Amino acid sequence: MSKVVVMDHPLIQHKIGVIRKKETGTREFRDMISEIGVLITYEATKDLKLQDVEIETPICKTTVKELAGKKLAVIPILRAGLGMVEGVLAMIPSAKVGHIGLYRNEETLEPIEYYCKIPKDCDERDVFVVDPMLATGGSAIAAIQMLKNRGVKNMRFLCIIAAPEGVKKLQEAHPDVDIYIGALDDHLNENGYIVPGLGDAGDRIFGTK
């Protein structure tokens, strides 16, 4: 079964408290989403493998550490996932970026695919799939399956707020994908929204509410 990591870092919890407030405006909300993306990426990359490399400092030769193995990619689930990309790239500037477009049928709550464009060598990369909200789990499950269908093997899912129902479904559907969560909320309401949550992340990021 996949690993589920719920962040307990004080800065993450403080910033999530800010974006939960209904009076938080679009600019501040967007900035906070990006900053939380930085912090979650920091936590989610703690176990990346390192290798020894010999370099020369202004003083002498020495051995330092650098990232080993596969290169990285970040793939946001459109459109809300875009809000986290800048934060991830602040930590991993060399990562390539793909995009997956899904929207939720408001009646069935099922995800519908409308776009998928990923780096050609994504099957050789460690991939971070990002979306601020993990609610029913439908979009995350569908996005990860779309990537698996295209040969992607090594993935982690990063989100800011999750509902227990979505975490359970994502684990069951993709037990090989670790999940990194800023805050684990209480439950989903009858409309499929996370409680207490923060409303529609996409609307609040882009000012379309």
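Guide: Let us begin with a term: contact means heavy atoms within 4.5 Å. Please note also that this is a predicted model.

Visitor: Leaving aside its neighbours within four places in sequence, with which residues is Ala 68 in contact?

Guide: Ala 68 lies in the loop between E3 and strand E4 (71-78). Once its neighbours within four places in sequence are set aside, the residues in contact with Ala 68 are Lys 49, Leu 50 and Gln 51.

Visitor: How many Å apart in space are Ala 68 and Gly 151?

Guide: In sequence, 83 residues separate Ala 68 from Gly 151. From C-alpha to C-alpha, their separation in space is 21 Å.

Visitor: How is H2 placed relative to H3, oblique or roughly parallel?

Guide: Helix H2 (residues 26-44) packs with helix H3 (residues 82-91) at an angle of about 45 degrees, their axes being 7 Å apart. Angles under 35 degrees would count as roughly parallel. The angle therefore makes H2, relative to H3, oblique.

Visitor: How many nonpolar residues has the contact of H2 with H3?

Guide: The crossing of the two helices is right-handed. Among the residues that make the contact are Ile 33 and Val 38 of H2 and Met 84 and Val 88 of H3. By class, the contact has five polar residues and one charged, while the number of nonpolar residues is seven.

Conventions
Residues are numbered from 1 along each chain as its sequence is written. This is a predicted model: local features need pLDDT of at least 70, side-chain atom pairs count only at pLDDT 80 or more; totals for chains, interfaces and linings use all residues. Side-chain values use heavy atoms; hydrogens and water are left out. Axes are lines fitted to C-alpha atoms, for helices over the stretch in contact, and angles run from 0 to 180 degrees between N-to-C directions. Helices (H or I, at least four residues) and strands (E, at least two) are DSSP runs, numbered from the N terminus. Angles under 35 degrees count as roughly parallel, over 145 as roughly antiparallel, 65 to 115 as roughly perpendicular and the rest as oblique. A crossing is left-handed if the near helix is turned anticlockwise from the far one by less than a right angle, and right-handed if clockwise. Ala, Val, Leu, Ile, Met, Phe, Trp, Tyr, Cys and Pro count as nonpolar, Asp, Glu, Lys and Arg as charged, and the others, Gly among them, as polar.
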